[in-house]
Amino acid sequence: MLFYLFRRLLLAISVLLVTVTMLFSLVFLVPGDPASVALGPRATQAQKEALRQRMGMDQPALVQVGRFLARVATGDLGEDVLTHRPVNQLVARALPNTLVLALTAIGWAMLLGIPLGCWAALRPDTLADRVIGVLSTSVIALPAFVVAIYALLVFSVGLKWFPAIGAGHPGDLGSQLHALVLPSLTVGLSWIGYLARLVRASMLEVLQENHVRTYRAFGLSDRLIALHYVLPIAIVPVVSVLGVGIGSLLSGAVLTEIVFARPGLGKLAYDSVISRNFPVVMGTVVVTAALYVLANVAADLINARLDPRLRQGL
Amino acid sequence: MNLNTAQPPVASAAPRQGAARVLRHVWARNMGRFALVCVLLLLACALFAPWIAPHDPIAIKAALRLQGPSAEYWLGNDQLGRDVLSRLIYGSRIAMSVAFLGAGGALACGMVLGLLAGYGPRWLDTVLMLCCDSVMSIPMILFALVVVALVGSSVSTIILIIVTFMMPGYFRVVRSQTLVLKRMDYVTAARGMGASGLSVVVRHLVPNLGGTLLVLVAMDIPAVVAIESGLSFLGQGVQPPTASWGSVLNDGYAFIRQAPHIVIAAGLPIVFATLGFTFLGEALRDALDPRSTGGQRP
Amino acid sequence: MSMLLDIRRLSVSYASEHGPLQAVRNIDLTLEKGQVLGLVGESGSGKSTLVSALLTLLPPGAQASGQVIYQGQDLLQMSPAQRRGLRGNGIATVSQDPFTALNPVVTIGKQLVAFQHHKPGSKAEKAARALAMLERVGLSDPATRMRQYPHELSGGIRQRVAIAAALLTEPALLIADEPTTALDATTEMQIVALLRESRDVVDAAILFVTHDLHLVGSLCDHVAVMYAGEMVEAGPVAQVFAAPRHPYTQALLACDPARIVTPTRTLPFIPGHVPPPTAARLGCPFQPRCSHAFGPCASEALPTTPLPFGGMVRCHKVTAHA
């Protein structure tokens, strides 16, 4: 267990290190200078110098990376360049919205994707199975923001079933849930298809295993075997994939938040990118990387619960 | 059951087949046919945009502002009166060039790094794998936004971002295949005779992985299209007045209530491009390796 | 003794890309109550298909003809629900590979309770019976075993658990499908001993499937030998082992290291291969490998010759000399 935690911590640090290093090295690789971009073409040399100093960019790259990481290690994400508010506070306000969005999306994916995949696996190569296959593949391929815009057009602008923008009125759970439906379905849609495919493939594989034959030889019904003895094993890769896929899930969430104007991490990152508010942007990146590592730990723990064979690795 | 049928040894590689045979296999399936038609149409639009497009994509006609579809302008006009159809046709140039350069660049870099990791010293492998895991953990769009904010947006920046993020997929495949090949007898034999093991690995890598990599590229193109159009949709990709599917979508998004025809039209090429390349990838995979049933990541 | 199982002219074939494959051909076999029958054959002899047919677990593509009469009912004519009602309730099995036969994510105790689903009683009662049974099959500390997962146990212990599971259903017919193939020699003998003792626990007939004649000798009272989907010889163990009539049985017995009298450096073997299960077949399947083959062996259908004490043999040579 200790070794496991150590490994996870190492991954967390390396994710941060690599992210930050990549960001900084891209800045050096690509022609153009952050200060000039931020201040526009008419800025004076002195203004640019001042901004560079404020962003710590007059230092060598390695020093910049080191300083940044040292600060993050103490739990301080820095200060908003424009309003001088602590980034921690901004992130703390945006994070719950994004978490709710991401978790609801995962909820939809599990609620719809797992039963669909399971259902398809029990009747392989039938018409129903093939239709589910084509639909799953389609929704996996479609970009979340295009789905978001079409959903907005049909259900909010056209049918007026759901609000077009915002996360609902603060304190009013009903309106918040109402505002959550479209965005979460949009983010979750590709995951519904993905989980359906994954569960189907995984179920078909487990159904071939010898213990399934044992259960059949003892006269248990196929239905009971599938739901009680096959699905719990087939679901193990689903959990791992959700853990690893949280990054791309958040990617979908960022764009969806922007389309539906939801005040979450993605919207915060986007707004601060537009206003060239570098510390806030870096703060959101750090937090998402941390979310990724946490999601992986959670996935490992859940899998250890599901499959006792995996407990030894912890 | 112990039927005495001699099973041929399972080949690790997709058998090398003629391109015509593979294409026939793809065409034989409904989704494969749909995919081929989509992809060929898009490529034709990209290649022959100046001849196909009925109007100038950047000519501003104030009188036609937000006009709906008409006989002259099939998909209507945007907020500056520009022809939406022509803008989308020209947009396929950006989309396809970014898609092929991005996926191709990722393939090339992934192969080189995968070979290095698989063949090089252990520490290098560890470092590269760690980098690969890290890249996969970052939401790409967020990272892309940051980079664009820092260095300004251009097509080359977008391609660079895409190469960075698409690389891990190819890297992993090439690395594991290299590790397998490295232990093969003929590599050991070749080294024993003084030949460079690496050259033997490289020579066997392409025939062994060609099919897999081709499928990976086809499956990655939808993601690349999504990133490019997504960034342009956020106003952080291709800069105006150049037409991109994402920027047309963004133009329409601002007028989604007054002129919904713009977003409806602008979404369609993205839908057809992503679906077309995905199903092409699937059909190619089935044609090259009928046994596999795996899926791609969203 | 009364008849428990009566297989009449059973044939099973599978569809394949290269035409139908006939895995079992015209088999006749009877099993009486309380009998222990050893079913012997090499890989590809069709014994696994026969077991699947008895368990009514033939794969969907399989075509079966003939009759498999178990306690007066033809298994092949039953509805799927009726078949399921017999599995684990009258007919029980111990499978070949103890390492994969149990669900890896469910504790032994829960699985043993689930296997008794045909039986009345509460979960607690079933758990108590499972505990008692684990003790009877010779497991130390059965209470701990109940809480463990399969991967925490050795192969021998898992096979004991599998036997306990089968015995818990109080079967009339216990099919042990090569239960020792995956185990080492010492464990093998322990499991065979356990199967022998299990006849005291439940009043079941045992069909012991194996490719090891030696084990048949130490466990069974009857033996049936299969070759390439056909039954070639059957009878009481004492008789068949003392005076094998079919050249294949003779060759098999000659290959058993325990029976080799003269010291030798090379183990005897039967040259050649089992013929493929493609449908068309003329004459005796063993003919290409048989040193006694003569005229009719290559072209004429096999005759069945009854032997004393209920045995039978199918060989042209035996018929010709009879």
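**Contacts and strand pairing in a predicted model**

Q: What makes β7 (residues 173-177) and β8 (residues 205-210) of chain C a pair of strands?
A: In this predicted model, 5 bridges join β7(C) to β8(C), and the two run parallel. Strands pair if DSSP finds at least two bridges between them, so β7(C) and β8(C) qualify. Strands are DSSP runs of E of at least two residues and helices are runs of H or I of at least four, both numbered from the N terminus. C:Ile175 stands opposite C:Leu207 in β8(C).

Q: Why are β6 (91-94) and β11 (305-306) of chain C called edge strands?
A: The open sheet has 8 strands with mixed pairing, in the order β6-β7-β8-β3-β9-β10-β12-β11 (chain C). β6(C) and β11(C) each have a single partner strand, so one side of each lacks a neighbour in the sheet.

Q: What makes residues of chain A and chain C count as in contact?
A: Their C-beta atoms, placed from the backbone, lie within 7 Å. The contact takes 18 residues from chain A and 24 residues from chain C. On the chain A side, α9 (210-217) and α10 (222-234) give two or more residues, and α9(A) gives the most, 6 residues.

Q: How do the residues of the side of chain B that touches chain A divide into nonpolar, polar and charged?
A: Chain B has 49 residues in contact with 51 residues of chain A. The chain B side divides into 32 nonpolar (Ala, Val, Leu, Ile, Met, Phe, Trp, Tyr, Cys, Pro), 4 charged (Asp, Glu, Lys, Arg) and 13 polar (the others, Gly among them).

Residues are numbered from 1 along each chain as its sequence is written, and chains are lettered from A and ligands numbered from 1 in the order in which they are written. In this predicted model, local features need pLDDT of at least 70 and side-chain atom pairs count only at pLDDT 80 or more, whereas totals for chains, interfaces and linings use all residues.

Note on methods
Contact = placed C-beta atoms within 7 Å.
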